[in-house]
Amino acid sequence: MAVVEAVVEAVVEQVAAPDAPPPVRPAPRGLLRRVCRDRTGAVALGVVAFFLLLALAAPLIAALYGRNPTEHYGQNAPGLLSDGGLPMAPNGGISGEFWFGLEPGLGRDVFTQLLYGIRTSLLIAFASAAVTTTLGVLAGVAVGYLGGITDRVFGFLSNVLLAFPTLLLLLALSPVIQSRLVDPGSAEPEWMQFLVLVLVFSAFGWIPLALSLRSTVRSLRERDFVQSARAMGASGFHIVVRELLPNVRAQLLVHATMAVPTFVASEAVLSFLGVGINEPVPDWGRMISRGSEVFQADPTYMFFPGVALLLFVLAFNLLGDAVRDALDPRAAR
């Protein structure tokens, strides 16, 4: 009899399992511990934390170092730059006085430019990730829950927007927005440059997340726990906030983690092409652009921002993979 009862209980559990609500995965709880179990994730987290610390402490480090990213040391002090604007000292002017050398032409300190360039990239990336995540959640969850004609119209509009060449649109939209917001002949303020890039990235960056959430919510809305909430008289707002959103938190966290390095690289590309952050704001993309012009004579000026950008983007991508695996109970470890 005990064996028969055990078999019956097992059958009942298997039958009842599909009707149970999906487990709400608490994204923050224990996430750091699970990420650090993976060696690659732990190293990536350390690199990302190091870059974040440098960005936050950039003013303090620059003060202790005794240099700033805007002063033209090579032009103000004789003997640092040649007549052609290149550093006189070998290896791009690297010395105990200038740790990473001098910028060709203007003679600014490379080390402090790198420090403040981190702040520029992270500010734009985090702001763009926040805006695109918010728009993606609002559009994806609402469309997935409503369905019907709203879902079909949204699907058509999303396909139309995704058909446009994103990079060309970013190159075209950035100067257009700047010309609309700034009077002719007026200097563009720094906050305006940041705002324009965030608006440009947000114009199309929310669509992939919205499409992903639409599919997830469309499957969740048919589950029994949502139907039970409807039968109990719960409003649509209550169902979305209390039943659906908790089950997509992990998906949102993974998207935000993967979006940051994408925006960092995109901002560097736009600045490299001359439509991103302008002088005198330090920026990695503009440093790489200038370094490519003098690469044969001074390869070090392109080396440092290129390596910094590569390490940061790679570390954040690996961290995103580790977060995704930590939040996915089916991921193989």
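Ala 268, Ser 271 and Phe 272 of helix α14 are in contact with Gly 285, Arg 286, Ile 288, Ser 289 and Ser 292 of helix α15. Sorted by class, the residues of this contact between α14 and α15 are three nonpolar, four polar and one charged. The model is a predicted one. In it, the axes of α14 and α15 cross at roughly 45° and come within 7 Å. That angle makes α14 oblique to α15, because angles under 35 degrees would count as roughly parallel and those from 65 to 115 as roughly perpendicular. The crossing of α14 past α15 is right-handed.

Helix α15 itself spans residues 284–293 and is mostly covered, with seven of its ten residues buried. The buried residues of α15 are Trp 284, Gly 285, Arg 286, Met 287, Ile 288, Ser 289 and Gly 291. What else lies over α15? The cover of its buried residues includes α3, α7 (110–146) and α16, along with α14 (249–272).

Two of these covering helices, α3 and α16, also pack against each other. Two packed helices are described by the angle between their axes and the distance between the axes. For α3 (residues 39–56) and α16 (residues 300–327), the angle is about 130° and the axes are 8 Å apart. That makes α3 oblique to α16, since roughly antiparallel would need an angle over 145 degrees. The crossing of α3 past α16 is left-handed.

On the α3 side, the residues that meet α16 are Thr 40, Gly 41, Ala 44, Leu 45, Val 47, Val 48 and Phe 51. Their partners in α16 are Ala 308, Leu 311, Phe 312, Ala 315, Phe 316, Leu 318, Leu 319 and Ala 322. By class, the contact of α3 with α16 has 13 nonpolar residues, two polar and no charged. The contact of α14 with α15, by comparison, includes one charged residue.

Helix α16 also holds Thr 300. Is Thr 300 buried or exposed? Its relative accessibility is 15%, so Thr 300 counts as buried, the limit being under 20%. Apart from neighbours within four places in sequence, Thr 300 is in contact with Asn 91 and Gly 92.

Phe 204 is buried, at a relative accessible area of 17%. Once neighbours within four places in sequence are set aside, Phe 204 is in contact with Leu 161, Leu 169 and Leu 173. The C-alpha atom of Phe 204 is 8.2 Å from that of Thr 132, and these two residues are 72 residues apart along the chain.

Helix α12 (residues 224–231) has Phe 225, Val 226 and Ala 229 as its buried residues. Seen down the axis of α12, these residues fall within an arc of 100°, so they line one face of the helix. After α12 comes Gly 233, which has a positive phi near 85°.

The chain as a whole contains 16 helices and zero strands. It has 333 residues, of which 43% count as buried. Among contacts with a separation of 6 or more, 74% are between residues 24 or more positions apart.

Conventions:
Residues numbered from 1 in each chain as written. Predicted model: local features only at pLDDT ≥ 70, side-chain atom pairs only at ≥ 80, totals over all residues. Heavy atoms only, no water. Axes fitted to C-alpha atoms, helices over the stretch in contact; angles between N-to-C directions. Helix = DSSP H or I, 4+ residues; strand = E, 2+ residues; numbered from the N terminus. Left-handed = near helix turned anticlockwise from the far one by under 90°. Contact = heavy atoms within 4.5 Å. Nonpolar A, V, L, I, M, F, W, Y, C, P; charged D, E, K, R; others polar. Buried < 20%, exposed > 50% of the residue type's maximum accessible area, 1.4 Å probe, protein only. Arc of directions from axis to C-beta.
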